[in-house]
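Please look over the sequence and the predicted model shown here.

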Amino acid sequence: MVEIAIPTLETERLILRPFREEDAALFCEYLQDPDVNRFVGEGQAPSAEDCWRAVAGWIGHWVMRDYGPWAVTEKATGTFMGRTGIHFPESWPQPELAYTFGKPFWGKGYATEAVRAAMDWGFTERDFPELCSLIDPLNERSMAVATRVGETYRREGALRGHALRVYVITRAEWEAQRAQA
């Protein structure tokens, strides 16, 4: 058996922790909402098996890359809210700050808080030169999160036949942002 140490991060309101098997069912429940899954994967509601495989893949991502996605929970209640982390599967152009939250958690700043924690961890613990977010051009909410954490729009792109916008933050930009805080 491969032993991995996935860190747990805490923010003011959130805990970013390793995924557990039971998170797959909750994540799948959130993805049944068309507004949530519209920009995730192929935009179709996944099956329970699809969600289980996704969670298993995210855990495996940590084994293969020594970084990956976390399950995001509300600190006060322990409620599973979604995921965030640094995602870099085969065929991706570079490491991506990825995030998906259940609709009950939209509009409360949770995604921004979680993504910022993942970004800070990536720059301090894994020494990335830059991180990106690959965003569907119609996903205004996701573009707003990317902008709030300091990423800037850089270019149009495509991945697996889907148009996207590439938002990027470099290490130097991140360091300047932290110096101003």
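Asp127 counts as exposed because its relative accessibility is 55%, above the 50% cut-off. Its side chain meets that of Arg171 in a salt bridge, at 2.9 Å from N to O. Arg171, in contrast, has 18% relative accessibility and so counts as buried. The pair links distant parts of the chain, with Arg171 in helix H6 and Asp127 in the loop between H4 and S6, 44 residues apart. Shared partners join Asp127, Arg171 and Glu175 into one network of salt bridges.

Helix H6 also holds Arg178, which pairs with Asp120 in helix H4, 58 residues away; the closest N and O atoms of this salt bridge are 3.8 Å apart. A further salt bridge joins Asp66 and Arg126, at 3.2 Å. Asp66 lies in the loop between H3 and S3 and Arg126 in the loop between H4 and strand S6, so this pair ties together parts 60 residues apart in sequence. The model has eleven salt bridges.

The largest nonpolar core has 53 residues, and Leu16, Trp70, Phe101, Met119 and Leu131 have the most contacts inside it. Helix H4 gives the most to this core, with nine residues.

Helix H1 has buried residues including Phe27, Cys28 and Leu31. Viewed down the axis, the buried residues of H1 fall within an arc of 160°, so they line one face of the helix. The face turned away carries the exposed residues Ala25 and Glu29.

On the surface, Ile4, Val63 and Met64 form a nonpolar patch with about 300 Å² of accessible area together. Met64, found in helix H3, counts as exposed because its relative accessibility is 75%.

How values were computed
Residues are numbered from 1 along each chain as its sequence is written. This is a predicted model: local features need pLDDT of at least 70, side-chain atom pairs count only at pLDDT 80 or more; totals for chains, interfaces and linings use all residues. Side-chain values use heavy atoms; hydrogens and water are left out. Patches are made of residues with over 30% relative accessible area and no salt bridge: like charges are joined within 9 Å, nonpolar side chains (Val, Leu, Ile, Met, Phe, Trp, Tyr) within 5 Å. Accessible areas come from the Shrake-Rupley method with a 1.4 Å probe; for residues, only the protein chains shown count as cover. A salt bridge is a side-chain nitrogen of Lys or Arg within 4 Å of a carboxyl oxygen of Asp or Glu. Helices (H or I, at least four residues) and strands (E, at least two) are DSSP runs, numbered from the N terminus. Buried means under 20% relative accessible area, exposed over 50%, partly exposed in between (1.4 Å probe, protein chains only). A nonpolar core is a set of buried Ala, Val, Leu, Ile, Met, Phe, Trp, Tyr and Cys residues joined through side-chain atoms within 4.5 Å. The arc is that of the directions from the helix axis to the C-beta atoms.
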